[in-house]
Amino acid sequence: MNAHDSERIKGMLEELGLGEAADQADADVLVFNTCTIREKPDQRFAAHLAQARALKDRKDETVIAVGGCYAEAQRERLFELYPFVDVAFGPGTIPHLGDWLGAGGHNVARGAFGIAEERTFAGTLPMHRERRFQAWIQVSMGCNSKCAYCIVPRVRGREVSRRPGDIVAEVTRLAGEGVREITLLGQNVNSWGRDLAPDLRTDFGELLRATDAVTGIERIRFTSPHPKDFRDPVIAALAECEAVCEHIHLPLQSGSNRILKAMRRTYDRDRYLRLAEKLRHAIPDLALGTDIIVGFPGETEADFAETLAVVEEVRYDSAFTFVFSPRAGTEAAALADHVPEDVKRGRIERLIELVQRIAAERNSERVGRVEEVLVEGASRTDSSLLRGRTRRNTTVNFAGAAGPGDLVDVRIESATSTTLKGTEAALVAA
Ligand code: 5AD
Ligand code: SF4
């Protein structure tokens, strides 16, 4: 969502006539789109901001704009902490940056715009897309869950669904521009629709069906769903819509019932496992990904062992693993019994090892098969190869003659825990 917000910020600035500078030092305006989900992005931002300040010391008219979730979380203190920042805006108030700069930038009073102001969908702003054949579509903003570790509800506010007609109109327009793959975005994407006015009330399954019906859209992805919101009509739509890819990101967070409860995830281990089973049954050859946090306050060795056991049982194709990072203002930050740093480190290392072993096994099962790949460009590691993604969302490096945006069949020849390697099927035949 943050990366998509950046596309909108960039598109909006371009519309104002502000293009991208070749180098930071040449820029008249420096815009930061911050994340504050864990402490690490906060620290990285502090380092970037120090550099920006040095530039401004040399060139006084440089404008420094700080947007995103960190700006929202720190809105009361941002100007106090960083007096050289000119304008601040939250993730829901991106257009204010345009208004502020459009009004003359550094000659107008500095401003801070945040969640208290009216929030708008970034989807209504111009967008700068890096790839012409792929696009993100924001379907909702905010989140009504209360996960104890998470800062998102505080900085992005309560959930508001975008109107179905607006979403489908955007998808249709993008398809007309050559987009073949869309990713529907929401903090809790599969609860989409429940807050709409009664005459519009619908569900995420219906949205999948409506976007699946748009001519030209060959692949539909979505992120991130919450396990609690996978109701049967949504699962049926996943199974029936041809363009919906066989890949679901299903955040587990922990495998221990005690920790899941403390996290306020509202499901337990068995319910999660039943859902994973149901999804696999409904969607043959489904790839499952997940998010896992280790070292939540009070997590014991036994709790952690439960997480490892669930990972073994589900056999994820991929997983994002995080060390718990206390965020000021969240319920978990105030809990007693924080897990020592070295214990967290030890646990995440063991978890990563397991995740990688299983992902390598899962990927090796693809060897010998032919996979449909959407070509993204040249391989990052070997420029003689192309790079793309399968429907199951695995990166493939392959020998071939296709161009970016093409859908091609690739015969898989080898695998690692994160990538596949192969040869374009037409080349094999030739
Ligand atoms: N510490 C560690 N990981 C977190 N996440 C969210 N908040 C925290 C936190 N305070 C992780 C969750 C979520 C993903 C986007 O980031 O796993 O699913
Ligand atoms: Fe955060 Fe939970 Fe909402 Fe996801 S569902 S954004 S983890 S509060």
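By class, how many nonpolar, polar and charged residues does the shell around ligand 2 have? The tour comes to this shell first.

This is a predicted model, in which local features need pLDDT of at least 70 and side-chain atom pairs count only at pLDDT 80 or more, while totals for chains, interfaces and linings use all residues. Residues are numbered from 1 along each chain as its sequence is written, chains are lettered from A and ligands numbered from 1 in the order in which they are written, and side-chain values use heavy atoms, with hydrogens and water left out.

**Ligand 2**

Select ligand 2 together with Cys143, Ser145, Cys147, Tyr149, Cys150, Val152, Pro153, Gln187, His226 and Arg265, which surround it (a residue is near a molecule if one of its heavy atoms lies within 4 Å of it). The shell has 6 nonpolar, 3 polar and 1 charged residues, where Ala, Val, Leu, Ile, Met, Phe, Trp, Tyr, Cys and Pro count as nonpolar, Asp, Glu, Lys and Arg as charged, and the others, Gly among them, as polar.

**Ligand 1**

A polar backbone atom of Ser325 is 2.8 Å from a nitrogen atom of ligand 1. Taken alone, ligand 1 exposes 410 Å², of which the protein buries 87% (Shrake-Rupley method, 1.4 Å probe).

**The barrel**

Now colour β13, β14, β15, β17 and β16, the 5 strands that close, in the order β13-β14-β15-β17-β16, into a barrel with mixed pairing (two strands pair if DSSP finds at least two bridges between them). Within it, strand β16 (residues 407-415) runs antiparallel to strand β17 (residues 419-424), and 5 bridges join them; zoom in on Ser414, which stands opposite Lys421 in β17.

**An aromatic pair**

Finally, select Phe45 and Tyr82, whose ring centres are 6.5 Å apart with planes at 75°, so the pair is edge-to-face (rings of Phe, Tyr and Trp, its six-membered ring, pair if their centres lie within 6.5 Å; planes under 30 degrees apart count as stacked, over 60 as edge-to-face and the rest as tilted). Phe45 is in helix α2 (residues 39-58) and Tyr82 in the loop between α4 (78-81) and β3 (87-89), 37 residues apart.

Methods. Helix = DSSP H or I, 4+ residues; strand = E, 2+ residues; numbered from the N terminus. Polar contact = N/O pair within 3.5 Å; in protein donor to acceptor, adjacent residues only side chain to side chain.
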